[in-house]
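This report walks through one protein chain, from its overall make-up to a few selected residues. Please keep the sequence and the structure at hand while reading.

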Amino acid sequence: GMALVAKKRIDQTFDLKGSTGDFVSNECRGFASYAGNTKGFVEAIPPVCAVPTTSGTGSDGGKSAVICDPSGVKVVFGHPALMPKLAALDPNLTVKLPPHLTAGTGIDAFFHSFEAYMVPTDIMTTRDGMTMAEIEYCDGFALKGMELVCRSLDRAVEDGADMESRLRMQIAALYGAKAFRKGDLGGVHASAHALGAVFHRHHGECIARMAVPVIEHSESRQDFDGEAKERAGALAELISTFSPTSSASPSHGTSLSQNVNGFLKRFESSGIVVGCKDLVPEGAEGKDVEVLAELAANDGCQTNPVPLDKTDYHQIFARAASM
């Protein structure tokens, strides 16, 4: 693992020249798969400085990393020692990101904050032992992160050289990572991970495809009440308040899913799609829906405002296949 990196004095742990997205060295793969005492690894990890070249993952503000197994399923590993000591946000490093990837990474950043904000408070206080002050701290990052995306992503997509919008998106991505220190994200990410594993699409694109079906399904549940309904109302208002008011922008609805749909539709010209009818033409009865539901139900992102199981995910993917 990282101990070997330090002992070998390997300076370039990640091969950023690669084009497959498989940037993890063999040494880091060993660290990710090691199940024993990690003390030796941790002590050998040099200070991490994060320099993001997209505005989505928020890796510059988190302690986790993601790799794919041979089947394409994402595996997350992390440790506090991997938290960057320094994050350097330079918008110049993102100006060449094309519109489709600018939109996709920005949507990913938005839903990091979105799903973190929607995590039920009782899960965090009872399961993770978070205090209300810690929860409110994370919620503050979530709300500001979503505001920044709503105000800046359109401009960053339209004009990639707009440095102010690019920097705001980098800050939004960093805030998203700070926000999801609360919880493990939820059904939007779980279903997007499944979709990406089966169809090998960009993560942000998969988030956009699955967000509305997941939120619609959650809103339809009788147990989507109390805190969940209150927080959903706050997010619907936030999206409506901080979104562009031009005639080209889709109108906003009254429900959270309608507002999210309007937000995502703004990026259709950049290749962003809501639903997966084009990927799952067989619809609800197709074998892909069963496979996708199984993967999503077994994903680690399950701190939803309402519990979701395989049956729920089957219904969610069936709905997505009709959109």
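How many residues lie between E2 and E3 in the hairpin that they form, and which residue in the turn has a positive phi? There are 5 residues between the two strands, and Gly72 in the turn has a positive phi of about 100°.

**Basis of the model**

The model is a predicted one, in which local features need a pLDDT of at least 70 and side-chain atom pairs count only at pLDDT 80 or more, while totals for chains, interfaces and linings use all residues. Residues are numbered from 1 along each chain as its sequence is written, and side-chain values use heavy atoms, with hydrogens and water left out.

The pLDDT, which is the predictor's confidence in each residue on a scale from 0 to 100, has a mean of 85 over the chain, and 85% of the residues reach 70 or more. Over residues 1–27 the pLDDT is below 50, although this stretch has 33 contacts in the model beyond near neighbours in sequence, a contact meaning heavy atoms within 4.5 Å.

**Overall make-up**

The secondary structure comes to 13 helices and 4 strands; these are DSSP runs numbered from the N terminus, with helices (H or I) of at least four residues and strands (E) of at least two. Of the 323 residues in the chain, 48% are buried, where buried means under 20% relative accessible area, exposed means over 50%, and partly exposed lies in between (1.4 Å probe, protein chains only). Among the contacts with a separation of 6 or more, 73% are between residues 24 or more positions apart.

**The hairpin**

Strand E2 (residues 64–68) and strand E3 (residues 74–78) run antiparallel and are joined by 5 bridges; two strands pair if DSSP finds at least two bridges between them. Within this pairing, Val66 stands opposite Val76 in E3.

Helix H6 covers residues 132–158, and because its 27 residues should span 39 Å at 1.5 Å a residue, the 39 Å between its end C-alpha atoms agrees with expectation; the expected span is 1.5 Å times one less than the number of residues.

Helix H7 (residues 163–179) has 17 residues and reaches 24 Å from its first C-alpha to its last, close to the 24 Å expected. Its N-terminal end is capped by Asp162, a side-chain oxygen of which lies 3.2 Å from the backbone nitrogen of Glu164. Buried residues of H7 include Arg166, Met169, Gln170 and Leu174, and what covers the buried residues of this helix includes H4 and H6.

Glu115 is found in helix H4, and its side chain reaches the backbone nitrogen of Gly187 at 3.2 Å. Not counting residues up to four places away in sequence, Glu115 touches Leu185, Gly186, Gly187, Val188 and His189. Leu185 is found in the loop between H7 and helix H8 (187–199), and its phi is near 65°, a positive value in a residue other than glycine. Another such residue is His200, with phi near 55°, which lies in the loop between H8 and helix H9 (203–220).

Asp90 has its place in the loop between strand E4 (86–87) and helix H4 (99–117). A polar contact of 2.9 Å joins the side chains of Asp90 and Asn92; such a contact is a pair of N or O atoms within 3.5 Å, of which, within protein, one must be able to donate a hydrogen and the other to accept it, and residues adjacent in sequence count only if both atoms are side-chain atoms. Asp90 and Leu167 are 77 residues apart in sequence, yet their C-alpha atoms are 7.1 Å apart in space.

Gly262 is found in helix H11 (residues 256–265), and its C-alpha atom is separated by 9.2 Å from that of Ser240, 22 residues away along the chain.

**Accessibility of the selected residues**

| Residue | Relative accessibility | Class |
|---|---|---|
| Asp90 | 31% | partly exposed |
| Glu115 | 6% | buried |
| Leu185 | 7% | buried |
| His200 | 59% | exposed |
| Gly262 | 4% | buried |
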